[in-house]
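The following report describes a single protein model, moving from selected residues to the overall architecture. Please consult the sequence and the structure alongside the text.

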Amino acid sequence: MPVDPIVQALLDATVQMNLPPFESLTPAEARAQMRQTVGTPEEVARIEDRVIPGPHGDIPVRVYEPKGVGPFPLLVYFHGGGWVIGDIESHDMPCRSLANASGCVVVSVDYRLAPEHKFPVPLDDCFAATAYVAEHASQFNGDASRLAVGGDSAGGNLAAVVAQMARDRGGPPIKFQLLVYPVTNFDFGTVSYKDNGTGYFLGESTMRWFWAHYLNHDGEGTDPQASPMRADDLRDLPPALVITAEFDPLRDEGEAYAERLQEAGVPVTMHRYDGMIHGFWSMFALIPQGQTAIHEGGAALRAALAPVASAR
């Protein structure tokens, strides 16, 4: 189908604004450009900014608690931005909405960014944060037995790898993974890269810029901790919801990862949002399908992390 009319209007407006592409900016300039947000943040029951320990120093996190009585299920969330841009502020609005939609305490992780902190430092932060939240669940009014990881774009990459690491290291026990148009492979040769590599918000040149800042050298792109698609074995991973966008260069690698999970016996739901572009999840204040996707993610988390009834 064609690009959604609302999305096309946003693309046209972006062209009129004549914003410089990220790859023409310094990382600091690109970060400042991404912080521009629109919309009204949803109210949640409680928000707390705190720091938790990590292997490279303290890691800031923002905790969103939904209405109700805990302990709640827990979602450790990793923001998108190509491992270079984005932070807990840029993803404040979707995390608020996701806490309400899912009934989870959402712990948004402000992991260290490249190129100041290259691979695997951002990943180290994300795994450490997940392990800490699981070990100290009561501090977050959470239930460690109902733990999920999630993220969008590069955050989806980090969530997928954290799930693999948790399986291989014997914990923490992750029950679900929410992967929103995730980066899964250091490969620019897919059909979706060829068809959607220019003109749809995220382009091939920007992705090459992100990868170049994240990796120490191209050879690291074959490491499964950078490209979770390249893991030899995807068995025994948590069930997943994989969301993709039709006009996204990352579409094919996200869907290929979902297919590999299914082939490995992992329960997976894969939903391609037709007419959408990369970023529609975070732009839900402007794009109705973004709100739909957040509610889909919330419903999947509620189902996967529902308390198990005790036997009588």
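In which strand is Arg 146 found? Arg 146 is found in strand S5, which spans residues 142–152; strands (E, at least two residues) and helices (H or I, at least four) are DSSP runs, numbered from the N terminus. The model is predicted, so that local features need pLDDT of at least 70 and side-chain atom pairs count only at pLDDT 80 or more, while totals for chains, interfaces and linings use all residues. Residues are numbered from 1 along each chain as its sequence is written, and side-chain values use heavy atoms, with hydrogens and water left out.

**Individual residues**

Leaving aside residues up to four places away in sequence, Arg 146 touches Pro 71, Phe 72, Pro 73, Leu 74, Lys 175, Leu 305, Ala 306 and Pro 307, a contact being heavy atoms within 4.5 Å. The table gives the accessibility of Arg 146 and three further residues. Buried means under 20% relative accessible area, exposed over 50%, and partly exposed in between (1.4 Å probe, protein chains only).

| Residue | Relative accessibility | Class |
|---|---|---|
| Arg 146 | 12% | buried |
| Pro 21 | 41% | partly exposed |
| Cys 104 | 0% | buried |
| Cys 126 | 0% | buried |

Pro 21 lies in the loop between helix H1 (5–17) and helix H2 (27–34). From Pro 21 to Asp 110 the separation is 89 residues in sequence and 24 Å in space, C-alpha to C-alpha.

**Cysteines**

The whole structure contains 0 disulfides, a disulfide being a pair of cysteine sulfur atoms within 2.5 Å. For Cys 104, which is in no disulfide, the nearest cysteine sulfur is that of Cys 95, 12 Å away. Cys 126 is likewise in no disulfide, and its nearest cysteine sulfur, that of Cys 95, is 12 Å away.

**Helix H7**

Helix H7 covers residues 204–214, and its buried residues include Thr 206, Met 207, Trp 209, Phe 210, Trp 211, His 213 and Tyr 214. Among the elements that cover the buried residues of H7 are H2, helix H4 (121–135), helix H5 (154–169) and helix H6 (191–196).

**Overall architecture**

The protein has 9 helices and 8 strands. Its radius of gyration is 18 Å, close to the 20 Å that the globule rule gives for 312 residues, so the protein is as compact as a globular protein of that length; the radius is taken over C-alpha atoms, and the rule is 2.2 Å times the number of residues to the power 0.38. Along the principal axes, the C-alpha atoms fill a box of roughly 60 × 40 × 40 Å. Of the 312 residues, 57% are buried. Among contacts with a separation of 6 or more, 78% join residues 24 or more positions apart.
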